[in-house]
Amino acid sequence: MRSAFTGALMFLVGLVPALAQFRTPTVDGVIATNEYGIHANGANQYTTGGAIWYMTWDANNLFIGVSGTNTDDAAVVYIDVNPIAPINGGNNADGAIVGQTYNNTNFEALPFRADRVVYFKDGFTEIRSAAGGGWPSVATNVGSYASVPGVREYSIPWGSLGG
């Protein structure tokens with residue numbers, strides 16, 4: 001599970017606006033060919049272990065897809081909506097540098113100051129906001145989620161991410 005978390009972190013840190021596809025995937029639990037843009041590692045896809053992570057966005061939502069995993073297991077994504085330099089600089093007002101504990105697993109130190117953490121699995125979605133170096137603010141059942149065995153997709157409204 002930890003390698004999947006690390007893969008998601010590396011994928012998000014490496015994502016740059018020039019790769020935006022501005023596509024609108026259908027959140028139905030099925031990842032169609034190039035639904036998330038170019039399905040190649042480093043473009044709109046990142047493979048780690050057996051998991052394949054996809055990401056794209058449009059004007060209204062951030063879309064995350066994950067295939068090759070058990071949809072009852074959690075997918076966790078940390079997001080920095082206001083990056084600063086150096087990437088892990090600043091203070092607790094700039095985001096959390098420690099992870100949120102989920103299912104008895106946690107990052108003791110994040111490689112950047114995250115402002116939001118997104119957690120999703122079959123039956124539950126959650127977005128937490130950082131404050132005071134922790135994750136006290138939580139919103140559940142935000143956005144749209146769908147899955148089929150081995151594949152899940154989650155659409156998150158930009159307004160709920162605050163960036």
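## The main nonpolar core

A nonpolar core is a set of buried Ala, Val, Leu, Ile, Met, Phe, Trp, Tyr and Cys residues joined through side-chain atoms within 4.5 Å. With that in mind, take a look at this predicted model. Its largest nonpolar core has 17 residues, and Leu62, Ile64, Val118, Phe120 and Ile156 touch the most other members. At least two residues of this core come from each of strand 2 (51-57), strand 3 (61-67), strand 4 (75-79), strand 5 (116-121) and strand 9 (151-157). Strand 2 gives the largest share, with 4 residues.

Setting aside neighbours within four places in sequence, Ile64 is in contact with Tyr36, Trp53, Tyr54, Met55, Val77, Phe120, Arg152, Glu153, Tyr154 and Ile156. Another core, of 12 residues, lies apart from the largest one, and its members include Ala74, Val76, Tyr102 and Val117.

Ile31 sits in the loop between helix 1 (2-14) and strand 1 (45-48). Beyond its neighbours within four places in sequence, Ile31 is in contact with Tyr36, His39, Tyr54, Gly65, Val66, Ser67, Val151 and Glu153.

Strands of a sheet pair through backbone hydrogen bonds, either parallel or antiparallel. Here, 4 strands form an open sheet in the order 4-5-6-7, and the pairing is antiparallel. Strand 4 and strand 7 (134-140) are the edge strands, each pairing on one side only. From one strand to the next, the twist averages 20°.

Within this sheet, 6 bridges link strand 5 to strand 6 (residues 124-131) in the antiparallel sense. To see how the two line up, find Lys121, which stands opposite Phe124 in strand 6.

The loop between strand 4 and strand 5 holds Pro86, and a cis peptide bond joins Ala85 to Pro86, with omega at about -5°.

Asn103 is not a glycine, yet its phi is positive, about 50°. Asn104, also a residue other than glycine, has a positive phi near 60°. How exposed are they? Asn103 is partly exposed, with a relative accessible area of 42%, and Asn104 counts as exposed at 79% relative accessibility.

Conventions: Residues numbered from 1 in each chain as written. Predicted model: local features only at pLDDT ≥ 70, side-chain atom pairs only at ≥ 80, totals over all residues. Heavy atoms only, no water. Buried < 20%, exposed > 50% of the residue type's maximum accessible area, 1.4 Å probe, protein only. Contact = heavy atoms within 4.5 Å. Pairing = 2+ DSSP bridges. Axes fitted to C-alpha atoms, helices over the stretch in contact; angles between N-to-C directions.
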